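Work through the exercises below with the structure open beside you. Try each task before you read its solution.

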Amino acid sequence: MFSFLSPTIQNLLNQFEKALNDLDRSDTVAVNEIFEYQFQKPGKRLRPLLLLTLAKIIGYEPRHMQYACAIELIHNATLAHDDVVDESSLRRGSPTINATYGNSTSVLFGDYLFTKAIKILLKDSSDRLTLSLVDNFVDTINVMSEGEIKQLMESHSTDLSEEVYYQIIYAKTTKLIELACILAPMVKYSQNHPVTVACKSYGYHLGNAFQIIDDVIDYTSSSKTMGKQAGDDFSEGKITLPLIRFFSVASKDKSDFVKKLLDDNQNSSNTARKENFEKVKEVLNEYNCFEFCREQAKKEIEAAKASLSIFEDCEFKQDLLNIADYILKRVS
């Protein structure tokens with residue numbers, strides 16, 4: 001997927017896949033079956049990629065690979081839970097765990113991955129580092145859970161502000177990417193060290209850009225390209241940045257048309273939104289809402305790149321700059 005990466009990082013990603021596959025398995029056959037099902041189609045592996053690339057700049061140690069596995073387990077745990085909450089049936093081009101094994105199994109499997117990730121952190125680390133790692137992981141899981149609840153409670157309001165939108169995406173997406181970026185320097189530096197702060201800043205801005213582009217892609221890409229259903233956000237009545245921008249600039253009649261679709265909470269509303277999705281996409285495009293979002297994401301990417309100025313130029317720093325450019329240009 002990341003064909004532009006340096007050979008060293010490509011090789012590290014291959015090692016990561018092996019490390020993930022070699023993790024201790026459960027004594028329960030059914031759990032191992034679901035594990036194989038979930039990881040048979042790898043996603044972007046963005047979070048392990050960021051961690052391992054930063055580790056190569058700062059000073060790679062074998063335990064960074066274990067941290068990369070832990071961060072990917074956390075990510076997949078949240079996906080297992082999110083697919084239940086969103087009633088999603090497709091991810092990465094295949095049926096979701098909840099669609100295949102049921103909602104209860106999907107929730108419990110997510111819980112299993114959370115605890116498995118924490119167990120990895122408790123192995124082979126100094127007391128100081130272990131405490132700091134676990135504290136950061138638990139805090140991240142806590143913030144992500146709060147963010148999902150906040151999204152459920154507030155993101156269906158057509159009055160949702162940009163400020164609240166950014167609070168939601170920080171919690172649900174950016175926080176975990178930020179964590180991936182600080183796990184590399186934490187082995188050597190404190191959380192207040194300039195290197196750690198720079199890595200955190202890179203992850204913060206990259207995470208914001210990633211989610212903004214994700215919200216644009218939900219409108220502009222196809223189900224085949226994304227590997228999941230296009231237009232899910234709108235059909236679920238979820239307000240994201242494209243709609244927030246639209247409501248701030250659109251004429252009253254067009255704004256009212258979209259708001260009526262979103263405000264309708266009857267069982268038929270989901271069908272009505274799906275039937276009108278192409279029309280809504282047209283009016284959002286008419287008001288340059290997608291272009292506005294891409295510009296906001298571009299600003300985040302520029303800030304992410306600026307955070308890397310603390311590092312001297314090298315092939316791994318170039319990898320991080322290229323990853324940032326990829327985030328901006330991606331279509332799935």
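This is a predicted model: local features need pLDDT of at least 70, side-chain atom pairs count only at pLDDT 80 or more; totals for chains, interfaces and linings use all residues.

**Exercise 1. Describe how α12 packs against α16.**

Step 1. Locate the helices. α12 covers residues 241-249, and α16 covers residues 289-307.

Step 2. Take the geometry. The axes lie 9 Å apart, at an angle of about 120°.

Step 3. Classify the angle. Roughly perpendicular ends at 115 degrees, and roughly antiparallel needs over 145. α12 is therefore oblique to α16.

Step 4. The crossing of α12 past α16 is right-handed.

Step 5. List the contact residues. α12 supplies L241, P242, R245 and F246. α16 supplies C289, F290, F292, C293 and Q296.

Step 6. Sort these contact residues by type. Seven are nonpolar, one is polar and one is charged.

**Exercise 2. Which term describes the angle between α9 and α12?**

Step 1. Take the geometry. The two axes come within 8 Å and cross at roughly 80°.

Step 2. Apply the cut-off. Angles of 65 to 115 degrees count as roughly perpendicular, so α9 and α12 are roughly perpendicular to each other.

Step 3. Find the contact. I212, D215, V216 and Y219 of α9 meet L241, P242 and L243 of α12.

Step 4. Sort the residues of this contact. Six are nonpolar, none is polar and one is charged.

**Exercise 3. Check the span of α16, then find what covers its buried residues.**

Step 1. α16 has 19 residues; at 1.5 Å a residue, the helix should span 27 Å.

Step 2. Compare with the model. The end C-alpha atoms of α16 are 28 Å apart, which agrees.

Step 3. List the buried residues of α16. They are C289, F290, F292, C293, Q296, A297, E300, I301, A304 and S307.

Step 4. Name the cover. It includes α8 (162-183), α9 (194-220), α12, α15 (277-286) and α17 (315-329).

**Exercise 4. Is I244 buried or exposed?**

Step 1. I244 sits in helix α12.

Step 2. Apply the cut-off. Buried means under 20% relative accessible area. I244 has 9%, so I244 is buried.

Step 3. Find its contacts. Setting aside neighbours within four places in sequence, I244 touches L160, S161, E162, Y165 and I239.

**Exercise 5. Which residues of α2 are buried, and what do they pack against?**

Step 1. List them. In α2 (residues 29-39), the buried residues are N32, I34, F35, Y37, Q38 and F39.

Step 2. Name their partners. These residues pack against α1 (7-21), α4 (62-85), β2 (94-95), α5 (97-101) and α6 (103-121).

Notes. Residues are numbered from 1 along each chain as its sequence is written. Side-chain values use heavy atoms; hydrogens and water are left out. Axes are lines fitted to C-alpha atoms, for helices over the stretch in contact, and angles run from 0 to 180 degrees between N-to-C directions. Helices (H or I, at least four residues) and strands (E, at least two) are DSSP runs, numbered from the N terminus. Angles under 35 degrees count as roughly parallel, over 145 as roughly antiparallel, 65 to 115 as roughly perpendicular and the rest as oblique. A crossing is left-handed if the near helix is turned anticlockwise from the far one by less than a right angle, and right-handed if clockwise. Contact means heavy atoms within 4.5 Å. Ala, Val, Leu, Ile, Met, Phe, Trp, Tyr, Cys and Pro count as nonpolar, Asp, Glu, Lys and Arg as charged, and the others, Gly among them, as polar. The expected span of a helix is 1.5 Å times one less than its number of residues. Buried means under 20% relative accessible area, exposed over 50%, partly exposed in between (1.4 Å probe, protein chains only).
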